[in-house]
Amino acid sequence: MSVSLPYSETVRINQIGAGLNRRLEPDADTRKRIARALDLQGLEDFAIDIEVKPTPSTSEWTMKGRVTAHAVQTCGLTLEPLPVDVDRRFSIQLAEREPTETDEIEVTLDEEDADLIEDGKIDLGQYAVEQLALSLDPFPRKPGAEFVQPEEPAEISPFAALKALKPQDDQG
């Protein structure tokens, strides 16, 4: 099963050399795909500045960058448009996947582990979308919007609905 990414911009690790600097600015069609993938009403501006450098004395790379965007989320209470400005800096450690000779899979939950590089390529576009998603509020709410608990019905029984359907003149 192949997952279609809304934005992909790959670079091979052998192209990084002593360091790589890129500025990514997806076009309007790509921004629409990203907006759909992130359940946004719109994504007017989206840019990411990325720097990838090898980490001295290890076989890892450090990716640093800054994401800026102007997006429109949907208020979770009023369903009205909610403009959001994003300006986020990030830093991620990357490491090449080491070849394994065993069929066993080792699972670790250490948050300090580096992201693994697959097939010698880093997808800068995928990291850009990921950082944008991490910058958005998962439960957007307009200022002043409040949830009002609806009144509980007097009778919650499933038979209450049947009772309401029964003709009033029937005494049976």
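Predicted model: local features only at pLDDT ≥ 70, side-chain atom pairs only at ≥ 80, totals over all residues.
Helix α1 covers residues 28-37, and its buried residues are T30, I34 and A35. These three span an arc of only 140 degrees around the axis, which places them on the same side of α1.

- What lies over the buried residues of α1 includes strand β3 (42-54) and helix α2.
- On the other side of α1 you will find D29, K32 and R36, which are exposed.
- As background, an α-helix has 3.6 residues a turn, so residues three or four places apart point the same way.
- Just after α1 comes D39, with a positive phi of about 60 degrees.

**A closer look at T30**

- T30 sits in helix α1, and it counts as buried because its relative accessibility is 8%, below the 20% cut-off.
- Leaving aside residues up to four places away in sequence, T30 touches P6 and Y7.

- Helix α2 runs over residues 124-135, and its 12 residues should span 16 Å at 1.5 Å a residue; the end C-alpha atoms are 17 Å apart, which agrees.
- At the start of α2, a side-chain oxygen of D123 comes to within 3.2 Å of the backbone nitrogen of G125.
- The buried residues of α2 are L124, G125, Y127, A128, V129, Q131 and L132.

**A closer look at Q131**

- Q131 belongs to helix α2, and with a relative accessible area of 3% it is buried, since the cut-off is under 20%.
- Setting aside residues up to four places away in sequence, Q131 touches V67, R88, F90 and I92.

**The second largest pocket**

- The second largest pocket holds about 260 Å³ of space.
- Its lining is made up of T10, L94, L116, I117, E118, D119, K121, I122, D123, Q126, Y127 and E130.

Notes: Residues numbered from 1 in each chain as written. Heavy atoms only, no water. Helix = DSSP H or I, 4+ residues; strand = E, 2+ residues; numbered from the N terminus. Expected span 1.5 Å × (residues − 1). Buried < 20%, exposed > 50% of the residue type's maximum accessible area, 1.4 Å probe, protein only. Polar contact = N/O pair within 3.5 Å; in protein donor to acceptor, adjacent residues only side chain to side chain. Arc of directions from axis to C-beta. Contact = heavy atoms within 4.5 Å. 1 Å grid on protein atoms, 1.4 Å probe; cavity = no way out; pocket = protein on both sides within 12 Å on 5 of 7 lines; lining within 4 Å. Points joined across faces, edges and corners; volume = space filled by probe spheres on them.
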